[in-house]
Amino acid sequence: MANDNNGDVDRAWDLMKKIGFAMLVTRDGDKLRARPMSAFLDRDANTIFFLTDARRHKDEEIARNPSINLSFADAGSQKYVSLTGTAVVSNDRAKIKELFSTPAKAWWDSAEDPNIRVLKITPDDAEFWDSPGTVISYVKMAAAAVTNTRPDLGENRKVSL
C-alpha cells in the first residue's frame, strides 16, 4: 500500500515535527530495545538527528545493525508515525554544537562533553495515523458499533521518504 503522494510525505514530516519525541528501536542481538529520544528534523536533508551518549549501548547496537525504527506518538490527539531507516553514529563536533539546546543540558553540562555523539537517521519509509482526536474517535467508534459499520478514524498512509 505504498503511496508516494507529496502531501502524505509532507504530513508524515509535519506529524514527526509536531510530536518531537520518538522511541528509537535498535537491535541488541536477537532482542529489540527502545528508548525515548528528542528528535531534530531536517526535512531538506531527509534526515533526523539525535544527540546520544557514547557511554550507552546504542552506538554498539547500531554498529552491528544500523537498521532502526522510530515511533512517534501523541496519544492525546491520536497521531502516530512509525518510521524505518538507517542510523549512523558520528562525533561531528560542529553538528553537536548546532543541536545542543536546553533539553540536552539535562544529560550533559555543555556541547564540549566528549561523550556526546550525533545519531543521524536516514529514513526509508514511514506509516502515519492521523486521527481527528480522542473524543471524536470514541464517538465514531460508538456510532460504528451501533450501526455495525467500520468507523472512519482519520488517515492512515504508508509513504517512501
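## A charge over a ring

The charged end of Lys 95 sits over the ring of Phe 49. The distance to the ring centre is 4.2 Å. This contact comes from a predicted model. Aromatic pairs are another matter: the structure holds 0 of them.

## Overall build

The chain contains 4 helices and 9 strands. Read from the N terminus, the order of elements is β-α-β-β-β-β-α-β-β-α-β-α-β.

The chain has 161 residues, and 37% of them count as buried. Its accessible surface comes to about 9200 Å². Carbon and sulfur atoms hold 52% of that surface. Contacts were also sorted by distance along the sequence. Among those with a separation of 6 or more, 66% link residues 24 or more positions apart.

Strand β6 covers residues 67-74, and strand β7 covers residues 79-90. The two pair in the antiparallel sense over 8 bridges. Within this pairing, Ile 68 stands opposite Gly 85 of β7.

Together β6 and β7 form a hairpin, with 4 residues between the strands. Gln 78 lies in the turn. Its phi is positive, at about 60°.

## From β7 to β8

Strand β7 also pairs with strand β8, residues 116-130. The two run antiparallel and are joined by 12 bridges. Here Val 89 of β7 faces a residue of β8: it stands opposite Leu 119. Strand β7 therefore has antiparallel pairings with both β6 and β8, given that strands pair if DSSP finds at least two bridges between them.

## Glu 127 in strand β8

Glu 127 is found in strand β8. Is this residue buried or exposed? Its relative accessible area is 18%, so Glu 127 is buried, because the cut-off for buried is under 20%.

Which residues does Glu 127 touch, not counting those up to four places away in sequence? Tyr 80, Val 81 and Ser 82 are among them.

Technical notes:
Residues numbered from 1 in each chain as written. Predicted model: local features only at pLDDT ≥ 70, side-chain atom pairs only at ≥ 80, totals over all residues. Heavy atoms only, no water. Buried < 20%, exposed > 50% of the residue type's maximum accessible area, 1.4 Å probe, protein only. Contact = heavy atoms within 4.5 Å. Areas by Shrake-Rupley, 256 points an atom, 1.4 Å probe, with all protein chains shown as cover. Phe/Tyr/Trp six-rings, centres within 6.5 Å; stacked < 30°, edge-to-face > 60°. Lys NZ or Arg CZ within 6 Å of the ring centre and 35° of its normal.
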